Amino acid sequence: MTSERPKRIDATDIYHTTRAVRHCSLDPSIRCLAELRTSQINGGCDNCENLRVSEAEALGIDADKLRELARWADSDRFTARERAALAWCESFTHFRPVDASTRMMAINTFSPRELADLTLAIELTSTMSRVARHMDNDVRFG
């Protein structure tokens, strides 16, 4: 009798599909911050969060900014565009109704295409987190 290792889901195909959003109209650092914040809120996928921290570092996002991401609303390290993206992110990720000020801030800050890309990036990140939780965090990316 051989001892077979339990099979894991290979999320590589899902991950590569979601990475198509890398080439979107949105500034890569804003997209990355929104994805990382989404991963933080969703929890349950250390690989998801670590992957996005590595990407943020590769993009040159300041380490202090990354440490303050969970407290972005109280921090002065984030630009107006980053704050608008993170507010939009939190409204989607927490499944709250979007209040009028968050909606207007997003509409006034981003082009329609950027806002669509931001929304897609947030939702795809949430999907990856749900896949990871469903598989008890036993997923690999590539």
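Which handedness does the crossing of α2 past α5 have?

1. Overall make-up. The model is a predicted one. Its protein chain holds seven helices and two strands. Read from the N terminus, the order of elements is β-α-α-α-α-α-α-α-β. The chain has 142 residues, of which 42% count as buried. Among its contacts with a separation of 6 or more, 68% are between residues 24 or more positions apart.

2. α2 against α5. The crossing of α2 past α5 is right-handed. The two axes come within 9 Å and cross at roughly 35 degrees. On the α2 side the contact is made by Ile-30, Leu-33, Ala-34, Arg-37, Thr-38, Ile-41 and Asn-42. These meet Arg-81, Glu-82, Ala-85, Leu-86, Cys-89, Glu-90 and Thr-93 of α5. Sorted by class, the residues of this contact are seven nonpolar, three polar and four charged.

3. Arg-37 and Glu-90, both listed in the contact of α2 with α5, form a salt bridge whose closest N and O atoms are 2.8 Å apart. Arg-37 belongs to helix α2 and Glu-90 to helix α5 (residues 80-93), so the pair links distant parts of the chain, 53 residues apart. Both Arg-37 and Glu-90 are buried.

4. α2 against α3. Helix α2 (residues 28-42) and helix α3 (residues 46-58) have axes that come within 9 Å and cross at roughly 155 degrees. Angles over 145 degrees count as roughly antiparallel, and α2 is therefore roughly antiparallel to α3. The crossing of α2 past α3 is left-handed. From α2 the contact takes in Arg-31, Cys-32, Glu-35, Leu-36, Ser-39 and Gln-40. From α3 it takes in Cys-48, Glu-49, Arg-52, Val-53, Glu-55 and Ala-56. The division by class is five nonpolar, two polar and five charged.

5. What is the separation of the closest N and O atoms in the salt bridge of Glu-55 with Arg-31? These atoms are 2.7 Å apart. The pair joins distant parts of the chain, with Glu-55 in helix α3 and Arg-31 in helix α2, 24 residues apart. Glu-55 is buried, as is Arg-31.

6. Salt bridges elsewhere. A search of the whole structure gives eleven salt bridges. One of them pairs Asp-117 with Arg-113, with the closest N and O atoms 3.3 Å apart. Asp-117 and Arg-113 are separated by about one helical turn, because they lie four residues apart in helix α7 (residues 112-134). Is Asp-117 buried or exposed? Asp-117 counts as buried because its relative accessibility is 8%, whereas Arg-113, at 53%, counts as exposed. Salt bridges with shared partners also join Asp-62, Asp-64, Arg-67, Glu-68 and Arg-77 into one network.

7. Glu-114. This residue lies in helix α7. With a relative accessible area of 14%, Glu-114 is buried; the cut-off for buried is under 20%. Which residues does Glu-114 contact, once its neighbours within four places in sequence are left aside? They are Ser-25, Leu-26, Arg-81 and Thr-109. Arg-81 is also listed on the α5 side of the contact with α2.

8. Phe-110. Where does Phe-110 lie? It is in the loop between α6 (100-109) and α7. Its relative accessibility is 5%, so Phe-110 counts as buried. Not counting residues up to four places away in sequence, Phe-110 touches Leu-26, Arg-81, Ala-84, Ala-85, Leu-115 and Leu-118. The C-alpha atoms of Phe-110 and Ala-85 are separated by 8.7 Å, and the two residues are 25 residues apart along the chain. Ala-85 is itself among the α5 residues that meet α2.

Terms used. Residues are numbered from 1 along each chain as its sequence is written. This is a predicted model: local features need pLDDT of at least 70, side-chain atom pairs count only at pLDDT 80 or more; totals for chains, interfaces and linings use all residues. Side-chain values use heavy atoms; hydrogens and water are left out. Axes are lines fitted to C-alpha atoms, for helices over the stretch in contact, and angles run from 0 to 180 degrees between N-to-C directions. Angles under 35 degrees count as roughly parallel, over 145 as roughly antiparallel, 65 to 115 as roughly perpendicular and the rest as oblique. A crossing is left-handed if the near helix is turned anticlockwise from the far one by less than a right angle, and right-handed if clockwise. Contact means heavy atoms within 4.5 Å. Ala, Val, Leu, Ile, Met, Phe, Trp, Tyr, Cys and Pro count as nonpolar, Asp, Glu, Lys and Arg as charged, and the others, Gly among them, as polar. A salt bridge is a side-chain nitrogen of Lys or Arg within 4 Å of a carboxyl oxygen of Asp or Glu. Buried means under 20% relative accessible area, exposed over 50%, partly exposed in between (1.4 Å probe, protein chains only).
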